[in-house]
Amino acid sequence: MEKILAFQVRETDLQKLKGISASMRIKLVVIDKVDFRQTVNDLLSQKKNPLMEPYNGQITESMLLLHEFSDKRLDALLKALRREQVKVDFKAVTTKTNIKWTVLQLFFEMEKERKAYLQMNQ
């Protein structure tokens, strides 16, 4: 089942995202900041590890994590996000590797990739 995990998306963009996901019949799950120590896999299966301490740090970026999308559906979603001008800092798809990461690890990896991209284009 296609899912979008949304992290720290601004309210105006979240409302647009809700409309897009409803029209495309995609399950949208909004993740609270306190759950950023949970693994992606646990959040996708909607079961939290009670031993994980709640996160109360300072990550400010927003992110969408896309799960189980075909290429065609991913393209359609990205076009809809552009058309509706939904602004998020990071977009990622789940992989065999990152599904085991915590949300914090995913954010840190996305930031690392952004810095590498910016350095490469200077």
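Predicted model: local features only at pLDDT ≥ 70, side-chain atom pairs only at ≥ 80, totals over all residues.
How many bridges join β3 to β4, and which way do the two strands run? Four bridges join this pair, and the strands run parallel. Residues are numbered from 1 along each chain as its sequence is written, and side-chain values use heavy atoms, with hydrogens and water left out.

The sheet comes first. Four strands make up an open sheet in the order β2-β1-β3-β4, with mixed pairing. Strands here are DSSP runs of E with at least two residues, while helices are runs of H or I with at least four, and both are numbered from the N terminus. Two strands pair if DSSP finds at least two bridges between them. At the edges sit β2 and β4 (90-93), each pairing on one side only. On average, neighbouring strands of this sheet are turned by 20° against each other, direction ignored. Opposite Val93 in β4 stands Leu66. Helix α1 (residues 11-24) lies across β1, β2 and β3, and runs at about 155° to β2. For such angles, axes are lines fitted to C-alpha atoms, for helices over the stretch in contact (heavy atoms within 4.5 Å), and the angles run from 0 to 180 degrees between N-to-C directions.

Next, the aromatic side chains. Rings of Phe, Tyr and Trp (its six-membered ring) pair if their centres lie within 6.5 Å; planes under 30 degrees apart count as stacked, over 60 as edge-to-face and the rest as tilted. By this rule the structure holds five aromatic pairs. One of them is Phe7 with Phe107, edge-to-face at 6.1 Å centre to centre and 75° between the planes. Phe7 lies in strand β1 (residues 3-7) and Phe107 in helix α4, so this pair ties together parts that are 100 residues apart in sequence. Both Phe7 and Phe107 are buried, which here stands for under 20% relative accessible area, with exposed over 50% and partly exposed in between (1.4 Å probe, protein chains only). Phe36 and Tyr55 are stacked instead, 5.9 Å centre to centre with 20° between the planes. Because Phe36 lies in the loop between β2 and α2 and Tyr55 in the loop between α2 and β3, the pair ties together parts 19 residues apart in sequence. Phe36 and Tyr55 are buried as well. Ring pairs link Phe7, Phe36, Tyr55, Phe90 and Phe107 into a cluster.

Then there are the charged side chains. A salt bridge is a side-chain nitrogen of Lys or Arg within 4 Å of a carboxyl oxygen of Asp or Glu, and the whole structure has seven of them. One is Asp35 with Lys48, whose closest N and O atoms are 2.8 Å apart. It links distant parts of the chain, 13 residues apart: Asp35 sits in the loop between β2 (27-31) and α2 (40-44), Lys48 in the loop between α2 and β3 (63-67). Asp35 counts as buried at 9% relative accessibility, whereas Lys48 counts as exposed at 51%. Arg114 bridges to Glu61 at 3.5 Å between the closest N and O atoms. Glu61, Glu111 and Arg114 are linked in a network of salt bridges.
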